[in-house]
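Thanks for coming, everyone. I'll take a few minutes on one structure and its charged side chains. Here it is.

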Amino acid sequence: MKKNVLILAACLMAFALNAQDKPFYRTDVHQFNPLHTQAPKVGHNTMLASISASDHWEGQEFSFDNHHHLVAVHDWELNSYDVIDSIFYDNDGNIERVSGWQLLNGTRRNVYYVQFTYDQNHNRTSRTNYNWYDNQWTLGGVYNYTYNDNNQIVLTTLTMAGMNYQRIEYTYKNGLLDTEMWFDFDGAGLSASTKITYEYEGNNLVCKRDSSMNQNGQWAYQGYYTYTYDEYNNVIEYHYYDYTSQETERSIYRYDYTLPLNECLIPWHPEMGTRPATYNNTHAMASEEWYMVDVDHVLQYVCDFIYNYEDSPLGIKAPASAPLSLNPNPSTSNITIAGLPQQPSTLQVLDITGRQVMSTTVSAEVATVDVSALPSGCYVVRVINNGELRTAKLVKE
């Protein structure tokens, strides 16, 4: 997801209204930077169901099948685009195809697809992109990947229309990624364009990433990224500084320390980008506080990204009857909850971190609950009775 800075929102909104019915083409990207590649975590009790911006500008929703496979990602941005990625797997559980379906003029259409191949060690060996353009499928770029004996990527190549457009060479030191050297097409051939170097701290965690660009044969410093971790190896801060050492972007991450990440089903596919941000984390992320510079080069708070978790149907029985129904929702005071079990049950209200903020006993299929004391925000209302789970999302105004 790419988010717009609030200071520019009015201008971008006007542009988006004119562009919302145009196809959302998938560009040629690769996701092998170790800070931006998340291996899917397989869990049985909890799953990451969605990520939503606190300003309601954008969000993602995730769907899984009963084999722990992510099968769909609904990615939307207000008045800009609405895309659902459908994910398909081969017999070995590798993602072999991602198809993008966009809502255009009231009809959802397949506007791009990406195919992947793998070697016997399940390393991705190619990525091929197709876009629906001028009423036909048009081939984009083809990435090919090469690995060393330790299954670490050492080479990425990009070809388009039979021409070499990009080459990335990866070198390692003591088993850790040390340097990325990028070569890009300059009109005549491939020439060195970007150099990225990595620094690590005691636990082999990346603490700094420097970037330089080749300008007329000289390496010009572009900026650097820094990463800070807590005692559990969860990344808690990310900062980017440009070539003047001015901070232009910042993220502050918060966690639910009661939820180990290895017990949580985390969505991921190669085209998703940088969220969800798992990095080397050991706990489930609760929220991300995001800052960007405005047009006056002043770092400004933009929004929080809220990570919304639900009980996984793989770890608890599915509802035997209708799910919970809340009315009104959003609410400022009393809510009427329908779909409750007939037997006495405990009804819990959880905040975005999974912390219980309210609990009461209900004994009828319909009950009225006062939520006026809750702060404004998003919550999960849930009832578990005899292993049967019923949940609903609540917005408190």
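**Salt bridges in the chain**

Seven salt bridges turn up when the whole structure is searched. Keep in mind that this is a predicted model. I'll go through some of the pairs.

Start with Arg-250 and Glu-247. Their side chains form a salt bridge, at 2.9 Å from N to O. How covered are the two partners? Arg-250 has a relative accessibility of 23%, so it is partly exposed. Glu-247 has a relative accessible area of 14%, so it is buried. The cut-off for buried is under 20%.

Next, Arg-254. Its side chain meets that of Glu-289 in a salt bridge, with an N to O distance of 2.3 Å. Where do these two sit? Arg-254 is in strand E16, which covers residues 247–260, and Glu-289 is in strand E18, residues 283–293. The pair therefore ties together parts that are 35 residues apart in sequence. On accessibility, Arg-254 comes out at 37%, so we call it partly exposed. Glu-289 is at 12%, and therefore buried.

Arg-254 has another partner. Which one? It is Asp-304, in a salt bridge at 3.7 Å, N to O. For the cut-off, a salt bridge needs the nitrogen within 4 Å of the carboxyl oxygen, so this pair, at 3.7 Å, counts. Again the link spans distant parts of the chain. Asp-304 belongs to strand E19, residues 299–311, while Arg-254 belongs to strand E16, and they are 50 residues apart. Asp-304 has a relative accessibility of 14%, so it is buried.

Arg-254, Glu-289 and Asp-304 make up a network of salt bridges.

Now step back to the whole chain. What is it built from? The chain has one helix and 26 strands. It runs to 397 residues, and 46% of them count as buried.

How far do the contacts reach along the sequence? Take contacts between residues at least 6 apart in sequence: 46% of those join residues at least 24 apart.

Last, the surface. The accessible surface of the chain is about 19,700 Å². Carbon and sulfur atoms account for 49% of that surface.

To recap: the search gives seven salt bridges, and Arg-254, Glu-289 and Asp-304 are linked in a network. Happy to take questions.

How values were computed: Residues numbered from 1 in each chain as written. Predicted model: local features only at pLDDT ≥ 70, side-chain atom pairs only at ≥ 80, totals over all residues. Heavy atoms only, no water. Buried < 20%, exposed > 50% of the residue type's maximum accessible area, 1.4 Å probe, protein only. Helix = DSSP H or I, 4+ residues; strand = E, 2+ residues; numbered from the N terminus. Contact = heavy atoms within 4.5 Å. Areas by Shrake-Rupley, 256 points an atom, 1.4 Å probe, with all protein chains shown as cover.
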